[in-house]
Amino acid sequence: MNHQVLAQLLLHLDGRSYKAYQEIRGRYQFPDFELAVDHVQGDPFAAPSRLRVLLPQTVAAFPAQTYQTRSREIALRDYLTRQFGQAAARMHQTSLHQTSDGSYRGSGHSGLIAIAPTGQQVLERTAVFVTSEQVEARFVVGLPARGRQILGRAAATLLCDDLPQIVEQALKYISLDATDLQRHIEMVEDADWLRQQLPAKGLVAFIPNGAVLPRHSGISDQPLAIAFDGSAKPQPEILTELQTETSPIVAIPFQSPATLQIEFDRPNQGSIKGMGIPTGITLIVGGGYHGKSTLLRAIALGIYNHIPSDGREQVVSHPTATKIRAEDGRSVTGVDISPFISHLPQGRSTKHFSTENASGSTSQASNVMEALEAGATVLLIDEDTSATNFMIRDRRMQALIAKAQEPITPLIDKIRQLYQDCGISTVLVMGGSGDYFDVANTILAMTDYRPQAVTAQAKAIAAQYATARIPEGGTQFGTLTPRVPLALSLGSHGSPAKLKVRAVNELILGTEIVDLAAIEQLVEAGQVRAIGAAIAYLERHYLNGITPLSAILTHIESDIATAGIDILTPYPQGDLVRFRALDLAAVFNRLRSLSVKTPATFSNVKPTSTRR
């Protein structure tokens, strides 16, 4: 059927009950593209209808060099998603202003055309796909209604007039700013290249000179305006244009200490210099409000690429870098936390620790062990979000409370063993305890958001003011016990349709509400939605009572790499976003319906992963 048939059908439906919209399901040929109406909402207040546009490359005309590599393909898809979203928003606003009868406003989602929302990160989404044959865009439409009565004329205008304009503006190469698109693609490709160089250079992260790390506010991920004082010259691509009148506090561009500065020659944009954070134990110290946590946050999000002018677009971290924190009240199932906590009151074992209400120390110990099980090789820890008794037990407390009465072995006594025995690096923000000077390999002091290399000075202070603290917890890290997850009791029956997502911090899966607020490296609701679908997928395919969780994660990653994120859902969805196996594991581990068994225990096993 062609688009004229669709227009006539919508006019014919005018005034009928909303359910009659079901008649438009199908495919329609427009002059430049094909429109697929895959799902029609049953009510104007229900989730909007799902549609797709399929535009042949003979019309879209994107040069092969814009999508010829995996990195470029994801960057192009991200760019087109943003362009489609902006064009749809402009069209919607224009329609609202032009119609005085409220026909586009109507009931519920009437008149809406929208694509997956985007933030500062460049992510692999299912909203847009690009191949040598076609460009496919998946989006939602709120079919117009007044009450529950179809506004057929408005719907015909929406789909047959407005939508072709959006396609023209957003999905054709000739309509786009080629220079801006190329910059977007090259920025992403260079960031991917930088991240790939980290292991060979012995680094866990790289922060370029001129980077803008502070954000506009606690609820905005936009960069703070830059202060130019002549002491630093930002990389040209990092400069931002924000009105300083609305930002009384301004950002100071990042500048590496000379001893930690490293230079890379990127494939597209050439030379870039900045600070390399080496493997091992890196301590970030400094006074309050001088940028310690801001630097750690940038490193935590360096697992993602960022859009041009974000300020962090060339900040890169090891892909398995994982933020660890205390999480009072979380559920823990069958985790061996014995390297950190040897026993609990009443002789309870900690080799298979389970609780529905973890304390600060037990939750943080569990978070560490679960991250190792999932393949983390870099841990990121901030004392502000840590349990004090998990981090340190000083000499005075050791003297008052004997080790025999204290089951917790603090991180300070395990952090070097993590690196020496398991190859796990740690980047730690610490402003309150100089005892960590003794165990750190690299020490940075933040002053006015500028890092200074103070390792030698800190080591000298540690030697001058010896604490006589007694190391606890033995000479080796301890055991890493794999877990085999058993069947879940989610009430979802393995169906991804049984999930709901509330922003990025809550997942409703079956009958269970999962609080994700402490999983700080999830940045878009689409990731949470995809993780919910992945849990239902692994429930159908891999929860066999035999396969360990680490192997399950590898299987799912392999399935997605082979068949795409679409493999997780029974029909194409445009609102899914790629996630890390580490974050899938973090959500999975918080399911209160989870049950596990432990097939074997291995001593001093170095965690290995195909996801390094």
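How many residues does helix α4 have, and how far does α4 reach from its first C-alpha to its last? Helix α4 covers residues 152-170, which makes 19 residues, and reaches 26 Å between those two atoms, close to the 27 Å expected at 1.5 Å a residue. The expected span is 1.5 Å times one less than the number of residues in the helix. Helices (H or I, at least four residues) and strands (E, at least two) are DSSP runs, numbered from the N terminus.

This is a predicted model, in which local features need pLDDT of at least 70 and side-chain atom pairs count only at pLDDT 80 or more, while totals for chains, interfaces and linings use all residues. Residues are numbered from 1 along each chain as its sequence is written, and side-chain values use heavy atoms, with hydrogens and water left out.

Helix α4 bends by about 35 degrees at Asp 162, and Pro 164 follows within four residues. The bend is the angle between axes fitted to the seven residues ending at a residue and the seven starting there. Asp 162 is also among the buried residues of α4, which include Leu 158, Leu 159, Leu 163, Ile 166 and Val 167. Here buried means under 20% relative accessible area, exposed means over 50%, and partly exposed lies in between (1.4 Å probe, protein chains only).

Helix α5 (residues 178-197) has 20 residues and spans 29 Å from first to last C-alpha, close to an expected 28 Å. Buried residues in α5 include Leu 181, His 184, Ile 185, Val 188, Glu 189 and Arg 195. An α-helix has 3.6 residues a turn, so residues three or four places apart point the same way.

Arg 450 is in strand β26 (residues 450-453). Arg 450 counts as buried because its relative accessibility is 18%. Its side chain reaches the backbone oxygen of Pro 253 at 3.0 Å. That is a polar contact, a pair of N or O atoms within 3.5 Å; within protein, one must be able to donate a hydrogen and the other to accept it, and residues adjacent in sequence count only if both atoms are side-chain atoms.

The loop between α9 and α10 holds Thr 409. Thr 409 is buried, at 6% relative accessibility, and its side chain makes a polar contact of 3.2 Å with the side chain of Lys 403. Ile 401 lies in the loop between α9 (395-400) and α10 (415-422). Ile 401 is partly exposed because its relative accessible area is 31%.

Two loop residues other than glycine have a positive phi. Ala 61, between α2 (57-60) and α3 (70-98), has a phi near 60 degrees and is partly exposed at 40% relative accessibility. Tyr 289, between β15 (281-286) and α6 (292-300), has a phi of about 65 degrees and is exposed at 82%. Most residues other than glycine have a negative phi.

Gly 218 sits in the loop between β11 (215-217) and β12 (220-223) and is exposed, with a relative accessible area of 86%. Its C-alpha is separated by 50 Å from that of Gln 8, 210 residues away along the chain.
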